[in-house]
Amino acid sequence: NGFYGTDWLFNTLVNAAQKYQTDYRDAHPTSSNIRITEISNLLGGYRSPHSTHQTGLNIDFSVAQDDGKDKDWGSNWQNDEYDQDAMRAILTALLDQPLVLNKNEIYFNDPVLIAENLCKKVNSHDNHGHFNVDPPPLCETDANGDPASSDCCLAPYDDATKSDISS
């Protein structure tokens, strides 16, 4: 429970992880993975204690550590094992993703990374990072019903594309 997200979030995370791997972990193979600690409930809705994490568009991840042990919640930016360079690389990889549109909504309380404009301080984010994705724009369609542009990710909803989920 708590690990359900949209395809948009999943694809953003996979692309960020690939960038982090290529740009940082290949040269630092013992550095932490991006370890997911919380997303959303299966059917969405309120998830204590979060004001977000309700729609599968928000994700929490653990603090990078220089011992590579990837603890869920046991570390924070003030601990000796905190790997600031790896965390910087993770945040940079996230910021490079097209659906991470609101750059002010990557939360993590390391004052050095905040000063570098990689994240924002928010209460209770010493021991994990948080980011969210914005849904891609809705596609306009041409006369044949095909997407009129390659700059969108979602076909418009209509009766022809609707599936029956009641059975």
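Where do Tyr20 and Tyr24 lie, and how many residues apart are they? Both are in helix H1, four residues apart, which is about one turn of the helix. Before I go on, note that this is a predicted model.

A search of the whole structure finds three aromatic pairs. In the pair of Tyr20 and Tyr24, the ring centres are 5.9 Å apart and the planes are at 10 degrees, so this pair counts as stacked. As for cover, Tyr20 has 2% relative accessibility and is buried. Tyr24 is buried too, at 11%.

Helix H1 covers residues 7-25, strand E1 covers 36-38, and His28 is found in the loop between them. Is His28 buried or partly exposed? His28 is partly exposed, because its relative accessible area is 36%, and buried would need a value under 20%.

Last, the strands. E2, residues 58-62, pairs with E3 in the antiparallel sense, over five bridges.

How many of the five residues of strand E3 are buried? Five of five, over residues 128-132, so the strand is described as mostly covered. From E3, His128, His130 and Asn132 point one way. Gly129 and Phe131 point the other way, and the residues on both sides are buried.

Technical notes:
Residues numbered from 1 in each chain as written. Predicted model: local features only at pLDDT ≥ 70, side-chain atom pairs only at ≥ 80, totals over all residues. Heavy atoms only, no water. Helix = DSSP H or I, 4+ residues; strand = E, 2+ residues; numbered from the N terminus. Buried < 20%, exposed > 50% of the residue type's maximum accessible area, 1.4 Å probe, protein only. Phe/Tyr/Trp six-rings, centres within 6.5 Å; stacked < 30°, edge-to-face > 60°. Pairing = 2+ DSSP bridges.
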